[in-house]
Amino acid sequence: MRNRAPFFAAILLAAVASLILGSSAMLYAQGAARSVLPNGWMLQAPPGATVATGTMPQGAARSPDGSTIAVVESGFNPPALSLYATRGLRLVKRYNLAGAYGRPVWTQRGIFVAGANADALFAIDPHEATVRKIALPPKSYPVSVAESRGIFAVAFNGDGAVRIGKLDALRKARPVAVGLRPRSLAFSTDGKTLFAAVRSASYVAAVSVATLRVRHITTDLHPSDVLASGDTLYVAQADADTVGLYDAQTGRRRSDVFVGSVAHTIGSSPNALALEGDRLFVSLGAANEIVVLRNGRISARLPAGWYPTDIVPLGNNLLVIDGKGEGTKPNPDFDVMSRSNRGYIAAIQFGSIREISTSAGLAPNPQGAQGEAPRPARTILHPGGPIRHVFFILKENRTYDQILGDMPAGNGDPKLVWFGARVTPNQHALAQRFGLFDNFYASGEVSDAGHNWADGAFANDYVERTWPPVYGGRLDDDDVLTGIGAGVASSGYIWDAARRAGVSFRDYGEMALMPAIEGHIAATAPSLGTRFDPHYVGWNLDYSDLDRVKEWKREFDAFAAADTLPQLEYMWLPNDHTAGTRAGALTPAAYIATNDYAVGQIVDAISHSRVWASSAIFITEDDAQDGADHVSDQRTTLYIASPYARGGVIHDHFATVSVLRTIERLLGLRPLSNYDATAAPLYSAFTTTANLAPFAAIAPKADLTTRNSKVAYGSALSARLDFRRPDAVAPGILTDILAHNH
């Protein structure tokens, strides 16, 4: 799971600055081919000038004269503030700002940027090219800034408060509690009220600048941006796919406008607002588009790049800030013999700025999802069909090429194989018998996002904006896998969909039991209730997946004997994450082989049971971040085991959300988001004729007991690495260790 890279920040700083300066000098070609994203959605070719930015640009502001825009880049790579000329999108200047986060503010006095883990506010004078660091309280983690008439306001993640005052008095200003995870700030037109969007809740905090008294304006779920103009307060309500219009004085709700891109489901993530004249521009991060509102109604949908995070109107043009840029890319240069992050998925996911003309009739957006693929005339993927028991197994962080690149029938690169057939005989046998998927993609880039996609077919705006600085080593307070608060999307998780449909469910490890983190046995996600096995150990690399299988099988045998087997079971097998070469821990190959044998034993047990004829088992990775792949840095493995599996090589484009959509089709569950609602189920992977022959687990050829010695490559370093939390290790370090020991 989580990979962080604080060790490499200083080394990367100069290299990344050089890379961004170089990439920004070249604009993306206009009229280029449309890009297919991992989830199968399409990006339309850039309609105008488009330029690359650093990783995860989070917000932007234009200069008072409109000649320049300032963009805060706050992703995995070292954060910065970059200035681009609005004419031609030429990079003018880049300021490396430790901790830079959120949307900048540009006034006649200069540019102001929240400093997050730097516990500071940065004041940049673009004319003198100077940076002044204004210290704020320690561990306060400022994330947003606003200004009105010389009065500044800063929002803080550390204590869920805002501080208001003159610039040099902010450090000693009284903290005003507004709620956990505040994000956007906006002053009222008269400067007398400060509005703060509170992402962990369903309200905007309205703070009197004079008295510091706070009142709550009730909103739809998870407000992500606020904008005040005249007597109207506009609120982007991210997990309701709505924009709310409120009376700025009283807080009374006037109306809500549904801006979602797919009817009847949620998952477009309105996350930024901009107003020019009578047009309100709304960024829909998860829908890759911009909505234009006039008089409270949608007048147009405009194509954006991948995950827009902010918008800057400029007369007849609109500059769209895209958090993930213009599409995914292969990463065969993820150098397994180096400790650098070259080719690492989060380090190469650069953002972009797109220029869009708004004077050409504002044509509708032709990209995105158009609805679920037509259902074949004959398919078993429907409620009441022969498959009545579904098992979903989630593993950790491997690419397709890393495991299956040695299978000649698929589109693999043998040079990128780390753990081929000798180490993973069961996975190879499953692919050989039940189907080889060589065009399957993890919906999330890393585990923070990947587990949310696997659990809920969605990563909401809070998750998408939070994981890049977390993995960049700048945020330790990571709550996106707790199942509570700002990271929980509108429809919740697959177990919530099962509960709503009356489908029985049992959980083994996912958001349920993480003793290395919590120190006690409990479900971290309250919505799980008691539908988890309290004896099944979740994240703990010192615990064997084979022991996890024993515990699962204990319950499985009892359920099967009593004819009470849950219709849907979810299992987490994390050993293929590995622990590097930590002295005394299993070697990387032993970990991978253990995980492989555990998978084989589960399929063996189910296929030799009375429920095999009514079963389907889906096995995949949460993400593909810990390996190289010659097709895409998000291509990963998928295995299906079922009497109804078609077999052969399946080249169709599928993703994590395709698996969830298939499960929903089988069990009669409602979609959780726009993404599974429009995903193509795995129709081509199944046949109507059953082959009831059981699967026999293959005993490992690799030694499952081999442990790292004190002299193993990287053992001294591994001993200092933090494996208490999932993915708390810098990717370059762990990759280098794996490369020398596989």
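Let's start with a pair: are α8 and α9 roughly parallel or roughly antiparallel to each other? The axes of helix α8, residues 545-561, and helix α9, residues 588-607, come within 8 Å and cross at roughly 15°. α8 and α9 are therefore roughly parallel to each other.

Some terms before I go on. This is a predicted model, in which local features need pLDDT of at least 70 and side-chain atom pairs count only at pLDDT 80 or more, while totals for chains, interfaces and linings use all residues. Residues are numbered from 1 along each chain as its sequence is written, and side-chain values use heavy atoms, with hydrogens and water left out. Helices are DSSP runs of H or I with at least four residues, strands are runs of E with at least two, and both are numbered from the N terminus. Axes are lines fitted to C-alpha atoms, for helices over the stretch in contact, and angles run from 0 to 180 degrees between N-to-C directions. Under 35 degrees counts as roughly parallel, over 145 as roughly antiparallel, 65 to 115 as roughly perpendicular, and the rest as oblique.

Back to the pair. Who is in contact, meaning heavy atoms within 4.5 Å? From α8, we have Asp545, Leu546, Val549, Trp552, Lys553 and Phe556. They meet Thr594, Asn595, Tyr597, Ala598, Gln601, Ile602, Ala605 and Ile606 of α9. By class, the residues of this contact are nine nonpolar, three polar and two charged. Here Ala, Val, Leu, Ile, Met, Phe, Trp, Tyr, Cys and Pro count as nonpolar, Asp, Glu, Lys and Arg as charged, and the others, Gly among them, as polar.

α9 has another partner. The axes of helix α3, residues 425-434, and α9 come within 7 Å and cross at roughly 45°. That makes α3 oblique to α9. Pro425, Asn426, Gln427 and Leu430 are the α3 side of the contact. On α9, the residues are Asn595, Asp596, Tyr597, Val599, Gly600 and Val603. The contact of α3 with α9 has five nonpolar, four polar and one charged residues.

Next, α4, residues 447-456. How many of its residues are buried? The count is 10 of 10, and α4 is mostly covered. Buried means under 20% relative accessible area, exposed means over 50%, and partly exposed is in between, with a 1.4 Å probe and protein chains only. Ser447 sits in this helix, and it counts as buried at 0% relative accessibility. Ser447 and Glu621 are 174 residues apart in sequence, yet 9.4 Å apart in space, C-alpha to C-alpha. The buried residues of α4 pack against several elements, including β31 (389-395), α5, α6 (494-501) and α10 (656-667). After α4 comes Ala457, with a positive phi near 60°.

Take α10 from that list. The axes of α4 and α10 come within 8 Å and cross at roughly 20°. α4 and α10 are therefore roughly parallel to each other. Trp453, Ala454 and Gly456 of α4 make the contact with Thr656, Val657 and Leu660 of α10. Those residues divide into four nonpolar, two polar and no charged.

Now α5, residues 461-471. Here 11 of the 11 residues are buried, so α5 is largely enclosed by the rest of the structure. Among them are Arg465, Trp467 and Tyr471. Just after α5, Gly473 takes a positive phi of about 85°.

For contrast, a strand residue. Arg253 lies in β23, residues 253-258. Is Arg253 buried or partly exposed? It is partly exposed, at 31% relative accessible area. Leaving out residues up to four places away in sequence, Arg253 touches Thr218, Thr219, Asp220, Gln237, Leu245 and Tyr246.

Last, the whole chain. It has 13 helices and 39 strands. Of its 742 residues, 67% count as buried. The chain averages a pLDDT of 89, and 87% of the residues score at least 70; pLDDT is the predictor's confidence in each residue, from 0 to 100. Over residues 515-520 the pLDDT is below 50. It also stays under 50 over residues 715-721.

Key:
Contact = heavy atoms within 4.5 Å.
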